[in-house]
Amino acid sequence: MFKSELIETAAKFRSAQEDPSRNLAGCPALVLNADYTPLSYYPLSLWPWQTAIKAVFLDRVDIVASYDREVHSPSLDMKIPSVIALRQYVKQSEFPAFTRFNVFLRDKFECQYCGSGSGGGNTLTFDHVIPRRLGGKTTWENIITACAPCNMKKGGRTPKQAAMPVQMKPIRPTTWQLQQFGKQFPPNYLHETWRDWLYWDIELEA
């Protein structure tokens, strides 16, 4: 464990505002679990540089890789961590929370009726496969992602009544399944030191 005065020193590191040339705000740390897999793929598990450094001084993480940029105090120079691994394993729950975002992720951000995505200009929402007026419940197995036009077109009918078949049967995904879906949506920026711990850029075998 680092001494308390070192932790205090870490808290006094110059911020990005004090030294804008270092662009510290653009130096997040990829957070790995104790088994060296990302805590989350989508959204990607990232900590601000301040949080990462604090965790280092609290002896809660190991530094796996670092940026070239450094932070300075009167008595210490330190490279900013780019990849850190938790020392204590965080067990993931078997099933993810039932949220709008997680439904969208399960359905790959595509309308399950026409296949259009959020990039096509249509607003994505969610739809009850079996309408509530017919006893349909708000559950993983009865909620799917739908674009606004398809949602309006289907209305209060079943897919069969509306002649709008569902592309993929809705299921309650496990946390592992949702993370696999998340791997298909890489962030806009991947630092080179992250690539060994992620799988978006792995070359596929023939």
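Rings of Phe, Tyr and Trp (its six-membered ring) count as a pair if their centres lie within 6.5 Å, with planes under 30 degrees apart called stacked, over 60 edge-to-face and the rest tilted. By that rule there are 9 aromatic pairs here. One of them is F109 with F185, edge-to-face at 5.1 Å centre to centre and 75 degrees between the planes. This pair ties together distant parts of the chain, 76 residues apart: F109 comes from the loop between α3 (100-106) and β5 (124-128), and F185 from the segment after α6 (175-182). Helices (H or I, at least four residues) and strands (E, at least two) are DSSP runs, numbered from the N terminus.

A word on the source: this is a predicted model, where local features need pLDDT of at least 70, side-chain atom pairs count only at pLDDT 80 or more, and totals for chains, interfaces and linings use all residues. Residues are numbered from 1 along each chain as its sequence is written, and side-chain values use heavy atoms, leaving out hydrogens and water.

Ring pairs also link F109 and F185 into a cluster with Y42, F101 and F104.

| Residue | Phi | Relative accessibility |
|---|---|---|
| K108 | about 60 degrees | 30%, partly exposed |
| F109 | near 55 degrees | 15%, buried |

Buried means under 20% relative accessible area, exposed over 50%, and partly exposed in between (1.4 Å probe, protein chains only).
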